[in-house]
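Please walk through this fold with the model open beside the text.

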Amino acid sequence: MSDHIGKKKNKDKDGLVLIYGVEGEGRDGTKMNKLAFCMFKDKDKYGRFIDLNGSQERYDDVICYDDVVCAISSYGFVEVWDFSWSSPIKVMGMRSSLPRLKAIEFAISSRQVCSWFHFYLVASCGELLSVVRVVRDFVYVDVDEKSVRDRDGDNNKPKIRIYQTSMFYVFRLDLHQKEWVEMESLGDQVVFLGGNQSISLRAKDCPGCLNNSIYFTDSSWEQADENHSSGCHDMGYYNLRYRSVKPFYHSRCYKMKPTPIWVLPNPW
């Protein structure tokens, strides 16, 4: 995932910030997702990506918002970087203040369902949103019939195990209080997210799309790489009013390569 620095005010600070993976450097020997940046007009460093040295081991998303760079980790920790200086300076680090997610985690663990969260940052109507995606790894699919059943199903036919997005939560950043406020509606907006940059657009500019909805493609790339029979298949849309996930693309293929991504309009 990546975003473009210097969209609005400071064109002398044109650049790119991205998330890249490093194998085996995490505390438990797992893969890390780190931040790096490249400034296009810096003659001494042109074409070179430099580590941003964030404090988190795994970042889920990064965005340029109001001429600062914001990154969110896999645990909901937000860091804000100012690139108007000769070197980027971290101006804020904010721990997750999403109390409802703790209740969700408890409910999931009490039912012994294997699930994980994925965090996204989206600029929408002048505000910064955090969209939290809940993915569950408990669905089995009949290989021949392609019908979805849970792990307790009594069908003895061969099955493959797949993960599926079950719900989303949307929060708005209150910069004055430095906390996230849950949103019940996106209004006339449609949010698109997945493996590339997230974006929010008006529903009337997206023919065929339902307002107050989140359209998503698969971003669980690591899980897809670990499973040879399925992966990159998790696509659909989630309506905040009806709290339900529905497919926008019907396919019997549970292993897709390359990973589907959104083709976004040029915001510049």
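A salt bridge here is a side-chain nitrogen of Lys or Arg within 4 Å of a carboxyl oxygen of Asp or Glu. The model is predicted, so local features need pLDDT of at least 70 and side-chain atom pairs pLDDT 80 or more, while totals for chains, interfaces and linings use all residues. Residues are numbered from 1 along each chain as its sequence is written, and side-chain values use heavy atoms, with hydrogens and water left out.

The structure holds 6 salt bridges. One of them joins R133 to D234, with the closest N and O atoms 3.3 Å apart. R133 sits in strand β10 (residues 127–142), and D234 lies in the loop between α2 (221–226) and β17, 101 residues away. Helices (H or I, at least four residues) and strands (E, at least two) are DSSP runs, numbered from the N terminus. R133 and D234 are both buried. Buried means under 20% relative accessible area, exposed over 50%, and partly exposed in between (1.4 Å probe, protein chains only).

E184 and R243 form another salt bridge, at 3.0 Å from N to O. E184 is in the loop between β13 (179–183) and β14 (189–193), and R243 is in the loop between β17 and β18, so the pair ties together parts 59 residues apart in sequence. E184 is exposed at 52% relative accessibility. R243 is partly exposed at 34%.

Strands β17 and β18 belong to an open sheet of 5 strands, in the order β15-β14-β16-β17-β18, with mixed pairing. Strands β15 (199–202) and β18 (244–246) are at the edges with a single partner each, so one side of each has no neighbour in the sheet. Two strands pair if DSSP finds at least two bridges between them. Strands β16 (residues 213–216) and β17 (residues 236–239) run antiparallel and are joined by 4 bridges. Within that pair, F216 stands opposite G236.

N239 is also in β17. Its relative accessible area is 4%, so N239 is buried. A polar atom of the N239 side chain lies 3.0 Å from the backbone nitrogen of R241.

A second open sheet has 4 strands, β5-β6-β7-β8, with antiparallel pairing. Strands β6 (residues 68–73) and β7 (residues 78–82) share 4 bridges. V69 has W81 as its bridge partner in β7.

What does the side chain of S74 make a polar contact with? The partner is the side chain of D60, at 2.9 Å. A polar contact is a pair of N or O atoms within 3.5 Å; within protein, one must be able to donate a hydrogen and the other to accept it, and residues adjacent in sequence count only if both atoms are side-chain atoms. S74 lies in the loop between β6 and β7. S74 is buried, at 17% relative accessibility.

Now the cores. A nonpolar core is a set of buried Ala, Val, Leu, Ile, Met, Phe, Trp, Tyr and Cys residues joined through side-chain atoms within 4.5 Å. The largest has 33 residues, and V131, V170, L193 and I214 touch the most other members. Strand β12 (residues 159–174) gives the most to this core, with 6 residues. Apart from it lies another core of 12 residues, including V17, L35, A71 and W81.
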